[in-house]
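Dear colleague,

Please find below the sequence and structure that I am handing over to you. My findings follow directly after them.

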Amino acid sequence: MSKAHVISKFRFLECGKAPPKGSRFKGTISTASLLDWYEYTGREKAADRKKERGMHEGGLLGYTSQDDTTRTFSSDGWLTKDKMPGFKKKIAKAFCKDGDICWDTVVSLKNYQVSFQSNMYDVNDYAAIVSKLLPGYFKSIGLDPDNMIWWMNYHNNKKNPHMHIVFMEKVHTRTRGKLAQKYLDKYKSIWLKELGLRQEFAKTYKKDPKDIFKEKDALRKTLISRIDMSFNDQLLHSFYTTLPK
């Protein structure tokens with residue numbers, strides 16, 4: 001997949017310091033700044049809405065969020081209205097002292113055709129990729145995945161689908177927010193690689209990955225049920241029942 005198919009932007013915010021140049025933030029970065037940004041990335045007008053999207057060949061009805069309350073995905077899972085207050089408290093606790101650091105990123109796809117070709121139609125598909133890729137990326141830049149708080153919002157209010165992904169440490173170990181260029185490049189490359197894999201999957205199987213895994217699970221269940229237990233081969237049965245999904 002061409003590098004032009006994905007655009008990534010990366011910046012950091014430091015509590016008690018001036019905001020990045022050209023940003024929407026005013027004054028000194030604070031807990032309130034981050035909570036306001038949380039509200040901005042999750043705003044309804046930009047978030048995953050029920051609408052039709054045309055596609056290059058024949059047109060395609062864009063699938064969208066099944067529930068308007070599950071628009072924000074996070075390290076705590078989907079943030080319903082009931083869970084949002086608790087999550088905001090976690091943000092406030094993790095970003096309240098001078099020197100606390102938060103990384104604010106945007107991942108944009110070239111257009112909706114690229115998104116559809118990779119079997120990515122709605123916020124649920126984007127959430128699945130984020131939850132898959134972030135832990136590995138955290139490790140690659142020296143951050144402990146279990147020590148991270150993050151959230152993601154998918155927006156389709158522009159010509160290209162994009163995600164706002166924000167993350168920070170629960171217990172801060174970093175005193176420097178700026179990352180080496182190789183880590184910025186890696187952030188873009190992991191999305192490119194994943195989209196490429198999904199496109200190849202779609203071309204090979206002509207099905208959505210979720211449908212393939214449903215079929216696989218059904219076949220696995222059938223395989224296990226057909227083991228002839230009359231041979232009392234408990235070891236063989238144990239092996240099949242522990243096959244990784």
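In this predicted model, strand 6 is largely enclosed by the rest of the structure, because eight of its eight residues are buried. The covering extends to both faces of strand 6. On one side lie H162, H164, V166 and M168, and on the other M163, I165, F167 and E169, all of them buried. As a rule, side chains in a regular strand alternate between the two faces of the sheet.

Strand 6 has pairing partners in strand 4 and strand 5. Strand 4 runs antiparallel to strand 6, and seven bridges join the two; V107, for example, has M163 of strand 6 as its bridge partner. The pairing of strand 5 with strand 6 is also antiparallel and extends over eight bridges. Here I149 is bridged to M168 of strand 6. Strand 5 and strand 6 form a hairpin, with six residues between them.

The largest nonpolar core has 35 residues, of which V130, M152, M163, I165, F167 and W191 touch the most other members. Two or more residues of this core come from each of strand 4, helix 3 (112-117), helix 4 (123-140), strand 5 (148-155), strand 6 and helix 5 (181-205). Helix 4 provides the largest share, nine residues. In soluble globular proteins, nonpolar side chains tend to be buried together.

Leaving aside neighbours within four places in sequence, M152 is in contact with R71, T72, F73, V123, Y126, A127, V130, M163, H164 and I165.

The largest pocket holds about 430 Å³ of space. Its lining comprises 19 residues, and K9, V106, K158, H162 and H164 are the closest to its centre. The elements that give two or more residues to this lining are strand 1 (6-14), helix 1 (31-41), strand 4 (101-109) and strand 6 (162-169). Strand 1 gives the most, with four residues. By class, the lining of the largest pocket consists of five nonpolar, eight polar and six charged residues.

The largest cavity contains about 50 Å³ of space, and its lining is formed by L109, M120, Y126, I129, M163, W191, E194 and L195. Helix 4 and helix 5 each supply at least two residues of that lining, and helix 5 gives the most, with three. Seven residues of the lining of the largest cavity are nonpolar, none is polar and one is charged.

Finally, some remarks on the chain as a whole. The protein chain contains seven helices and six strands, which follow the pattern β-α-β-β-α-β-α-α-β-β-α-α-α along the sequence. Of its 245 residues, 40% count as buried. Among contacts between residues at least 6 apart in sequence, 69% join residues at least 24 apart.

With kind regards

Definitions and conventions:
Residues are numbered from 1 along each chain as its sequence is written. This is a predicted model: local features need pLDDT of at least 70, side-chain atom pairs count only at pLDDT 80 or more; totals for chains, interfaces and linings use all residues. Side-chain values use heavy atoms; hydrogens and water are left out. On a 1 Å grid over the protein atoms alone, a cavity is a set of points where a 1.4 Å probe fits but cannot get out, and a pocket is an open set with protein on both sides within 12 Å along at least five of seven lines; lining residues have an atom within 4 Å of a point. Grid points are joined across faces, edges and corners, and a volume is the space filled by probe spheres set on the points. Ala, Val, Leu, Ile, Met, Phe, Trp, Tyr, Cys and Pro count as nonpolar, Asp, Glu, Lys and Arg as charged, and the others, Gly among them, as polar. A nonpolar core is a set of buried Ala, Val, Leu, Ile, Met, Phe, Trp, Tyr and Cys residues joined through side-chain atoms within 4.5 Å. Buried means under 20% relative accessible area, exposed over 50%, partly exposed in between (1.4 Å probe, protein chains only). Contact means heavy atoms within 4.5 Å. Two strands pair if DSSP finds at least two bridges between them.
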